[in-house]
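User: I am new to reading protein models. Could you take me through one, feature by feature?

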Amino acid sequence: METITIVQAGHPVLREAARPLTRDELVHPDTQRLVERMRDTMRAAPGVGLAAPQIGVGLQLIVVEDSDERMAALSAEERARRDRHPVPLYALANPVLTVEDPTPLVFFEGCLSVSGWVAEVARARAVRVDGLGLDGNPVTIRATGWHARILQHECDHLAGVLCVDRMNPRTLSTPDNLAKYGRVG
Ligand code: ZN
């Protein structure tokens with residue numbers, strides 16, 4: 001397993017628009033290796049999504065994976081409220097996100113590049129993402145609930161947007177304080 005340091009807020013790469021990959025770049029072994037390192041870095045963090053700019057690479061590339069293990073701290077009721085279910089690992093290049101149901105769902109959200117903080121962020125309930133798989137073929141992902149939240153968060157990274165741009169700032173908390181005091185603000 002080869003992990004890469006995740007860059008933190010304040011690094012310019014997190015505020016730049018990432019560029020799309022060409023088909024030749026996408027199927028190149030270097031890109032396959034990059035995606036493997038992104039996967040390993042996401043799993044080690046641990047996180048449920050990672051965008052290439054978070055490891056200092058300004059390319060439109062994301063990996064997503066959610067599992068029972070990563071939502072172990074949530075009760076069945078909390079999972080149901082978040083519409084959160086396991087999502088098998090996938091990688092996507094050049095994703096274009098379309099909101100299919102703008103109904104805002106508000107939950108606390110964190111980011112591996114804003115380490116140590118969480119805040120409430122409203123996200124659309126359902127999205128469609130059109131992109132390219134690692135074989136260069138078109139892929140369409142339809143997602144609701146937490147999976148839709150992950151996709152909105154990761155696609156934001158590719159546009160130089162961080163969750164802090166969308167959060168309710170009065171709810172900003174450390175994860176420990178959120179667990180101890182609940183929502184404050
Ligand atoms: Zn993030």
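Analyst: Gladly. Keep in mind that this model is predicted. Start with the strands. Strands β2 and β3 run antiparallel and are joined by five bridges. Within that pairing, Leu 61 sits opposite Ala 93 in β3.

User: How many bridges pair β1 with β2?

Analyst: Three, again in the antiparallel sense. Strand β1 covers residues 49-51. Here Leu 50 faces Val 63 of β2.

User: Is β2 mostly covered or mostly open?

Analyst: Count residues with under 20% relative accessible area as buried. In β2, residues 61-66, six of six are buried. Both faces are covered. Leu 61, Val 63 and Glu 65 lie on one side, and Ile 62, Val 64 and Asp 66 on the other.

User: Which residues are the protein donors of the zinc ion?

Analyst: Look for atoms close enough to the metal to be donors, here within 2.8 Å. They are Cys 111 (SG), His 153 (NE2) and His 157 (NE2), at 2.0 to 2.2 Å from the zinc ion. Their sequence spacing is C-x41-H-x3-H.

User: Why are His 153 and His 157 separated by about one helical turn?

Analyst: Because they are four residues apart in helix α4, residues 145-158.

User: How do I find empty space?

Analyst: Rolling a water-sized probe over the atoms shows where space is left empty. In this model, the largest pocket holds about 1200 Å³. It is lined by 35 residues, and the closest to its centre are Phe 108, Glu 109, Gly 110, Val 118 and Trp 146. By class, the lining has 18 nonpolar, eight polar and nine charged residues.

How values were computed:
Residues numbered from 1 in each chain as written. Predicted model: local features only at pLDDT ≥ 70, side-chain atom pairs only at ≥ 80, totals over all residues. Heavy atoms only, no water. Donors = N, O, S within 2.8 Å, 3.2 Å for Na, K, Ca; no water. Helix = DSSP H or I, 4+ residues; strand = E, 2+ residues; numbered from the N terminus. 1 Å grid on protein atoms, 1.4 Å probe; cavity = no way out; pocket = protein on both sides within 12 Å on 5 of 7 lines; lining within 4 Å. Points joined across faces, edges and corners; volume = space filled by probe spheres on them. Nonpolar A, V, L, I, M, F, W, Y, C, P; charged D, E, K, R; others polar. Buried < 20%, exposed > 50% of the residue type's maximum accessible area, 1.4 Å probe, protein only. Pairing = 2+ DSSP bridges.
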